[in-house]
Amino acid sequence: MRRRSSSSASWRNPTEKRRSESERFDEFGFAFTNRREQKLHHRCHDYSYPQLSSVRVKELCELLSYWNGASFICKSQIERFIRMGIPPSLRGRVWKCLLNVDGVRECSDFNYQTCLSEVRGPLVDLGVSEYGILSAIATLSDTQNDLRLNQRQLSGSNCYSIDDINLFRQIALDLQRSFPTHRSLMGQSSEAIEGQAKLFRVLVAYAKYNPQAGYSQGMSYIAAVLLMQLGEEEAFWALTAMLDKSKYLAELFDLSLTKVQHQVKVFDQFLKHRKARLSKHLDSAGVLLVHFVMPWFLTLFTSLPCWDSVLAVWDLIILQGLQAVFRTALTIIELLEPRLMELNDEETMLPLLLRVPVEMARYTVLVSALWKTEVQDWELKCMNSLVLDESHHEPETEKLENPQDASNQVGTGNETRHISKSGAKKTSEKDTVPGGVSLLTRVLRMADRYLLSPLGRQGVEEKRSQTLAVPRRRSPGRVFRRRASASFTQAQVRLKRQSKQKSSIHQPEGQGGGGEVAVAPVTGNKPAGCGKSERYQQTFERSGAGSVGKVAHRRSNRIRNHARAKSHRLPRNERSSVDQNPNSSAILSSTTPSSPQPTSASQSGEPHETFNAALIRELSSRHQTGLPFTNARESKLI
């Protein structure tokens, strides 16, 4: 009995061992660790992503079955499902459809399996296996050092090069840093060894596929996430689509990391545009965006503690591309803004930005805030052009700002050395200023360069003279109506009061019919030091409405032309005498004919009249002399 029980116990041990191993990992494959290791790796296992109903899952499967990447309906529907939350079991299919993995594979002449067979040759010559690449780091390092120190020529029998050794060694170093707590890359289990070999093969194949981009830091994280959702070859083509298309990450990865540095500068300008106060606070504390934004961009936010939030961010990035990367970074900074504003030094602010707190990274907090944050494509294009313009024109602005330094360098050798030292001190002081130059300062510099320089002023004056030389053509009727309406709006209240006072003085109490027209002069005082001619505006206040007012509006052009012709027939001496005093003009009021007004400008020595004054004088002369009008309506109107 004892032997039987012992044999049954030994039979149960492997099963219990496998069960305990399966219970050590969460639903996304990350290992449960104690508090100390959990704090070290900064990983949370309390997930809060939404669960879709069976009806929604069926609808998503139908959408993926007839997927068409060129269809607007399919894209809008998949965006709706991404907002609701993609089920983990269908995320790989969604990414394949959005990245068009099958189409990229068909359009390329590259063969993945052929490339792997070519890579295995150098590995065999080096004595390294793809399944033990982590243990071969020391061997690759020794071989690399021997080649550098001894500078020996490679023998013709070896099919590897120094570049191959560097590539293998760099990828092996990054493999042990990529998700060390995930079951596919953790430890020495068979699953982990196979996962490390897959990741190594995908990265080496992409470096051979695109030698210009090669391999750089951060690619191992992206390839590892793709391998968690797709097969090996599918992950390779998905990585190719993400790193080669300009919509996604083509502007982030290169061998020298200059592209990602440029995008960090673009985000710096974007943050100054959106969060000027926070950006100024970070600059004053000495926090540079390159210290935390570059890791975000290179790893695509895989350092966030909640993995369900990471996958939701990836869903949006694969849907929208690089714009979603900026959108996510802005959302995280907005969530951390209250805490950042309370801190004042780099030692406390930078760890908060590099290790986002769990309560800020939860799905219910981060993803909901992410969909509320809007980032427009034109904003990023403007910030990108601003960074490019700054990098191109910064040397020219420095020359324009310090023209005396360039002229002083024409002296002796000692003077030139002294000036160059002072210039170096100025530039170093300028570089040490936190935050750089603000957007307004750069705009003013550009205005200085283009407008205040001699060539810029000359161009502006030429354009102004050209625009002034070509007058705008306006119809006479529109000019008259525009002047009358403008003058009425400028002195509306004041003229109404004056007309009421004058009508109460000159008219009896029962008068003031519906068809009368009251004309009041509007005199403008010329300010001191003004060289322009004085302008006087006359405002017609129509006290009645209806057909009489309409007749007056229609007859204005005919009477105006007659008055202008009569004013042009005046003798020269009368016109010159009229030009001296513009303040006196005839006023046509709605009074009885027993109170005539002087109408002749030549008798009173009045100046040259404006059009409105000439019209008033003509109407007054007709009213007083009793000249026949054109028709009965016009006579009744006057």
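Biologist: At roughly what angle do the axes of helix α15 and helix α18 cross?

Modeller: In this predicted model, helix α15 covers residues 290-299 and helix α18 covers residues 346-354. Their axes come within 9 Å. The crossing angle is roughly 10 degrees.

Biologist: Are α15 and α18 roughly parallel or roughly antiparallel to each other?

Modeller: Their axes cross at roughly 10 degrees. Angles under 35 degrees count as roughly parallel. The two helices, α15 and α18, are therefore roughly parallel.

Biologist: How many nonpolar residues are in the contact of α15 with α18?

Modeller: On the α15 side, the residues are His291, Phe292, Pro295 and Trp296. They meet Glu346, Leu350, Leu353 and Leu354 in α18. By class, one residue of this contact is polar, one is charged, and the nonpolar ones number six.

Biologist: How many charged residues are in the contact of α13 with α14?

Modeller: From α13 come Asp268, Leu271, Lys272 and Arg274, and from α14 come Ala276, Ser279, Leu282 and Asp283. Three residues of this contact are nonpolar and one is polar. The charged residues number four.

Biologist: Is Leu300 buried or exposed?

Modeller: Leu300 sits in the loop between α15 and α16 (307-320). Its phi is positive, about 55 degrees, although Leu300 is not a glycine. Most residues other than glycine have a negative phi. With a relative accessibility of 0%, Leu300 counts as buried.

Biologist: What value is phi of Phe179 near?

Modeller: Phe179 lies in the loop between α9 (162-175) and α10. Phe179 has a relative accessible area of 4%, so this residue is buried. Its phi is positive in a residue other than glycine, near 50 degrees.

Biologist: Which residues does Ser216 touch, not counting those up to four places away in sequence?

Modeller: Ser216 belongs to the loop between α10 (190-209) and α11 (219-229). Its relative accessible area is 5%, so Ser216 is buried. Leaving out residues up to four places away in sequence, Ser216 touches Phe253, Asp254 and Leu257.

Definitions and conventions: Residues are numbered from 1 along each chain as its sequence is written. This is a predicted model: local features need pLDDT of at least 70, side-chain atom pairs count only at pLDDT 80 or more; totals for chains, interfaces and linings use all residues. Side-chain values use heavy atoms; hydrogens and water are left out. Contact means heavy atoms within 4.5 Å. Helices (H or I, at least four residues) and strands (E, at least two) are DSSP runs, numbered from the N terminus. Ala, Val, Leu, Ile, Met, Phe, Trp, Tyr, Cys and Pro count as nonpolar, Asp, Glu, Lys and Arg as charged, and the others, Gly among them, as polar. Buried means under 20% relative accessible area, exposed over 50%, partly exposed in between (1.4 Å probe, protein chains only). Axes are lines fitted to C-alpha atoms, for helices over the stretch in contact, and angles run from 0 to 180 degrees between N-to-C directions. Angles under 35 degrees count as roughly parallel, over 145 as roughly antiparallel, 65 to 115 as roughly perpendicular and the rest as oblique.
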